Amino acid sequence: MSVWEALAVCFAGAAAGTINVIVGSGTLITFPVLLAIGLPPVTANVSNALGLVPGSVSGAIAYRRELVGQGRRVARLTGVALVGGLIGAALLIVLPSSAFDMIVPVLIGLALVLVIGQPRLAAALRRRRERDGSTAHPDGGLALLAGMLLASAYGGYFGAAQGVIYLALMGLLLQETLQRVNAVKNVLGAVVNGIAAVFFLFVADFDWTAVLLIALGSTVGGQLGARIGRKLPPTVFRAVIVAVGLCAIVQLLLR
């Protein structure tokens with residue numbers, strides 16, 4: 001790896017760490033760069049997953065203020081994320097990369113529809129509960145657990161726009177602000193990347209230089225992303241999520 005290639009990988013890691021904390025989808029920045037410097041697709045994917053772990057942890061720590069009062073919820077969803085992330089990591093080793101090519105853009109598209117319609121959908125759910133006399137589950141219930149399991153499995157497999165899917169599910173099924181939901185998303189992203197990284201250490205090939213460069217960049221990016229993300233009003237935040245998701249769909253379809 002030349003000096004210029006190393007700088008490109010490090011800057012890509014910083015950009016990915018920043019966008020992962022705000023929305024997710026940082027993989028769409030780092031993965032193409034790793035391919036461009038000559039790494040095989042699976043090696044690039046594995047190296048990317050390992051390198052982004054410090055950035056995810058950095059972002060989760062930076063968002064710790066928004067996690068206050070969500071300990072029980074985070075614990076429940078962390079268990080689901082661990083299982084899902086491990087399943088996804090195993091699928092990456094077993095299945096060909098083309099296995100998810102068709103379903104992933106559709107999945108992200110559905111998540112974007114949920115993000116756009118979340119305020120109206122949430123209001124409709126509240127009105128329905130008021131009519132029925134029922135109350136919302138504080139942690140989203142089984143519907144959220146099942147959705148987060150599938151999203152985490154996808155995250156362990158590839159992870160592009162994983163954060164968008166997390167935000168869509170939690171934004172709809174939890175009665176919380178986007179910023180507090182985003183804080184939980186960052187913790188779960190760290191968990192999924194972490195368990196996938198541990199799995200890959202034993203069963204897959206990776207490039208240590210690329211891992212360290214992405215880790216360095218993403219750690220700095222995680223702190224920067226938290227500063228930016230906190231300042232975004234809900235409407236702007238939602239627009240950023242949709243914009244990133246659309247870019248993810250376009251890139252995946254052109255890949």
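Helices here (H or I, at least four residues) are DSSP runs, numbered from the N terminus. Within helix 2, T27, L28, T30, F31 and L34 are buried, where buried means under 20% relative accessible area with a 1.4 Å probe, protein chains only.

A word on the model: it is predicted, so local features need pLDDT of at least 70 and side-chain atom pairs count only at pLDDT 80 or more, while totals for chains, interfaces and linings use all residues. Residues are numbered from 1 along each chain as its sequence is written, and side-chain values use heavy atoms, with hydrogens and water left out.

## The nonpolar core

Let's turn to the inside. The largest nonpolar core has 69 residues, and L77, M148, Y166, M170 and F200 have the most contacts inside it. Helix 8 (residues 178-203) gives the largest share of this core, 11 residues. By nonpolar core we mean a set of buried Ala, Val, Leu, Ile, Met, Phe, Trp, Tyr and Cys residues joined through side-chain atoms within 4.5 Å.

Take M170: leaving aside neighbours within four places in sequence, M170 is in contact with L77, L144, M148, V181, V184 and K185. Contact here means heavy atoms within 4.5 Å.

## Helix 4 against helix 8

The axes of helix 4 (residues 71-94) and helix 8 come within 8 Å and cross at roughly 35°. On helix 4, the residues making the contact include V74, L77, T78 and A81, and on helix 8 they include V184, V187, L188 and V191. For the angle, axes are lines fitted to C-alpha atoms, for helices over the stretch in contact, and angles run from 0 to 180 degrees between N-to-C directions.

K185 itself is in helix 8 and is buried, with a relative accessible area of 3%. Not counting residues up to four places away in sequence, K185 touches several others, among them N20, V21, G163, Y166 and M170. K185 and L167 are 18 residues apart in sequence and 6.8 Å apart in space, C-alpha to C-alpha. Then there's N193, also placed in helix 8 and buried at a relative accessible area of 12%. A polar contact of 3.0 Å joins the side chains of N193 and S56.

## Helix 9

Helix 9 (residues 208-230) has 23 residues and reaches 33 Å from its first C-alpha to its last, close to the 33 Å expected at 1.5 Å a residue. That expected span is 1.5 Å times one less than the number of residues. At the start of helix 9, a side-chain oxygen of D207 reaches to within 3.0 Å of the backbone nitrogen of T209.

Among the buried residues of helix 9 are G217, G221, G222, G225 and G229. What covers the buried residues of this helix includes helix 1 (3-22), helix 2 (27-36), helix 3 (41-62) and helix 8.

Conventions. Buried means under 20% relative accessible area, exposed over 50%, partly exposed in between (1.4 Å probe, protein chains only). Helices (H or I, at least four residues) and strands (E, at least two) are DSSP runs, numbered from the N terminus. A polar contact is a pair of N or O atoms within 3.5 Å; within protein, one must be able to donate a hydrogen and the other to accept it, and residues adjacent in sequence count only if both atoms are side-chain atoms.
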